[in-house]
Amino acid sequence: MNCLLIPAPEAPHTVLTLPPAPRTHVTVRGLSKAFAGSPLYRDFNLDLPRGQIVSIFGPNGCGKSTLMNMIAGLIPPDAGEILFDGKTLRETRIGYVFQNYRDALFPWLTAWENVAYPLRRSGMKPAAVQAKVEQLKALFEIRFDLSRYPYELSGGQQQTVCIMRALATEPEVLFLDEPFSALDFEMTLFIRAKLQEAHLATGVTMVIVSHDLEDAVFLADRILLLTRRPTRIAEILPFDLPRPRSPEVMSDPEFVRVKARTLEVFRREVAA
Amino acid sequence: MLAALRTVVAERRWLPLIGPLLLLGLWQLMISAHWVKPVLLPPPGETLGHLWGTLVSGAIWPDLQSTVWRTLASFAIAVVVGVPLGVALGSAEGAYRSVEFLIDFFRSTPSSALIPLFLLIFGITDINKIAIASFGAALIVLFNSAYGVMNAKKTRVMAAQIMGVSRWHVFKDVLLMESLAQTFVGLRSAVSMALVIVIVAEMFIGSETGLGHRIIDSQQVFNVKDMYASILVTGALGYVLNLAFLLAEKRLIHWSGKA
């Protein structure tokens, strides 16, 4: 009898109608979001692979940050489901690095206390907190004085503290919202190197929103390119050079090729 | 070269003295040139001498003491009422918006205009003076605390939320700390406001003590030297209170204006 009925308008996807690909960490299904009546996302589906770094790149206003912030739970989606290994956000530890490190750190706490804050609040014993912060200090090869207040540190040092704080709780997923945009080139190179080391050491899944083509490609295993709104996935480009990648990678033929390809897709989408 | 630089630096330290010395000079000039009668304005030397005398003899201490006591008592009440209320209203913006007009209205009403009303309620008592001063000061504390919470940096609040910190700890560790800088601005204005109202109240609400009482009393009996000395002491009191709060703010809210 069913075949005689007019087919219903297609329902948004769920993990049941569209199962995640193998080795997926974050699954986004049927995501919808509209701002002031105009749809930004409609039935948007995405799989983020485990333990990899995904850069989100796309035209202005396509909602790169909105997508990441919906996944991170900072902006509520209108509809859809987001699962981390089948768990909800509430059951998942995440870390988030903001673009504006000045506004993200707590200026009434020293840099050390900032890193220790999420650990203390999670009920960790002082000795364990001490050990964890020392471990991060070693991982990031910190040479500046962590007993100083954030406003006494340089921009790059502050952003380093932000990343340490975000990694302190050993999150499953680390979100980074344009982490380099307020840094000079020297500091960008430094933080890029540190992020790679942290990634190698912890295997954390990372999502980076970037508005800089070079940054987007350099760190990524996958470059997620978005279309203009209503936003869809334009393409997902792989970039497989081994890590750690030194700054010389920027002149490697493979980097140049992927960057050119990313630019090509980007320009196609901007013109679309 | 170095010596010259050192002299400039040394001279810089004394720059703040130039203003007061100029004022004293002008004061003396007005008398020497007979612009004002000495009966209205005694010479600065004599006035300062009289001031010194009242301080040494202790004649002015009881008045100074009761004014300080009233001001601090009013301020304490204002803090106890204003800070929690302001923080509560600030964290529920809807609640603040619904009483915003009342706060702004009474904040704009000179508290001295309410003295007769307070006289009706409290009569000619010490409590009256403290009540009206704490009313005026509490409003200032309240709206500064409320704005401190409302203007908390959203990024910091989000940063704490993402860490999975409980709502209570987001409030205590972030919102409350964020509001402190603005709260301190409120405290500093409030203590000045409390002093102003206390002085006015001491002048016009039957009073036996207080600097306000001393000023108006000496004016009535034409003891101008004592009047000017009392005015100077009142000014010094206001200055010291403000300075104390500035120093406390710098120590306690070390991040103010830097982050």
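This is a predicted model: local features need pLDDT of at least 70, side-chain atom pairs count only at pLDDT 80 or more; totals for chains, interfaces and linings use all residues.
B:Ala194 touches B:Thr71, B:Ser74, B:Phe75, B:Ala78, B:Ala133 and B:Ala137, leaving aside residues up to four places away in sequence.

B:Ala194 belongs to the largest nonpolar core, which has 121 residues. It is listed among those with the most contacts inside that core, together with A:Ile56, B:Ala137, B:Val141 and B:Ala190. The list names residues from chain A and from chain B. Helix α8 of chain B, residues 167-204, gives the largest share of this core, 16 residues. In soluble globular proteins, nonpolar side chains tend to be buried together.

Now take chain B as a whole. What secondary structure does chain B hold? There are ten helices and zero strands. Along the sequence the pattern reads α-α-α-α-α-α-α-α-α-α. Of its 259 residues, 34% count as buried. The radius of gyration of chain B is 23 Å, whereas a compact globule of 259 residues would have one near 18 Å. Along the principal axes, the C-alpha atoms fill a box of roughly 75 × 70 × 30 Å.

Helix α9 of chain B, residues 211-220, shows how the helices meet. Which residues of α9(B) are buried? They are B:Leu211, B:Gly212, B:His213, B:Arg214 and B:Ile215. They pack against α3 (61-91), α8 and α10 (224-252) of chain B. Just after α9(B), B:Phe222 takes a positive phi of about 65 degrees.

Chain A brings in strands. Three of them form an open sheet in the order β2-β1-β4, with antiparallel pairing. The edge strands are β2 (38-49) and β4 (79-84), and each pairs on one side only. From one strand to the next, the twist averages 15 degrees.

On one side, eight bridges join β1(A) to β2(A), and the two run antiparallel. A:Leu31 has A:Phe44 in β2(A) as its bridge partner. The two strands form a hairpin with two residues between them. In that turn, A:Ala36 has a positive phi of about 50 degrees.

Helix α1 of chain A, residues 64-72, lies across β1, β2 and β4 of chain A. It runs at about 115 degrees to β1(A).

How do the two chains meet? In the model, 19 residues of chain A are in contact with 15 residues of chain B. On the chain A side, β5 (94-97), α2 (101-104) and α3 (111-121) each supply at least two residues. The largest share, three residues, comes from α2(A). What kinds of residue make up the side of chain A that touches chain B? They divide into 13 nonpolar, two polar and four charged.

A:Ile56 and B:Ala194 are both among the residues with the most contacts inside it.

Key
Residues are numbered from 1 along each chain as its sequence is written. Chains are lettered from A and ligands numbered from 1 in the order in which they are written. Helices (H or I, at least four residues) and strands (E, at least two) are DSSP runs, numbered from the N terminus. The radius of gyration is taken over C-alpha atoms; the globule rule is 2.2 Å times the number of residues to the power 0.38. A residue is buried if 20 or more other C-beta atoms lie within 10 Å of its own, exposed if 12 or fewer, and partly exposed in between; C-beta atoms are placed from the backbone. Two residues are in contact if their C-beta atoms, placed from the backbone, lie within 7 Å. Ala, Val, Leu, Ile, Met, Phe, Trp, Tyr, Cys and Pro count as nonpolar, Asp, Glu, Lys and Arg as charged, and the others, Gly among them, as polar. A nonpolar core is a set of buried Ala, Val, Leu, Ile, Met, Phe, Trp, Tyr and Cys residues joined through C-beta atoms within 7 Å. Two strands pair if DSSP finds at least two bridges between them. Axes are lines fitted to C-alpha atoms, for helices over the stretch in contact, and angles run from 0 to 180 degrees between N-to-C directions.
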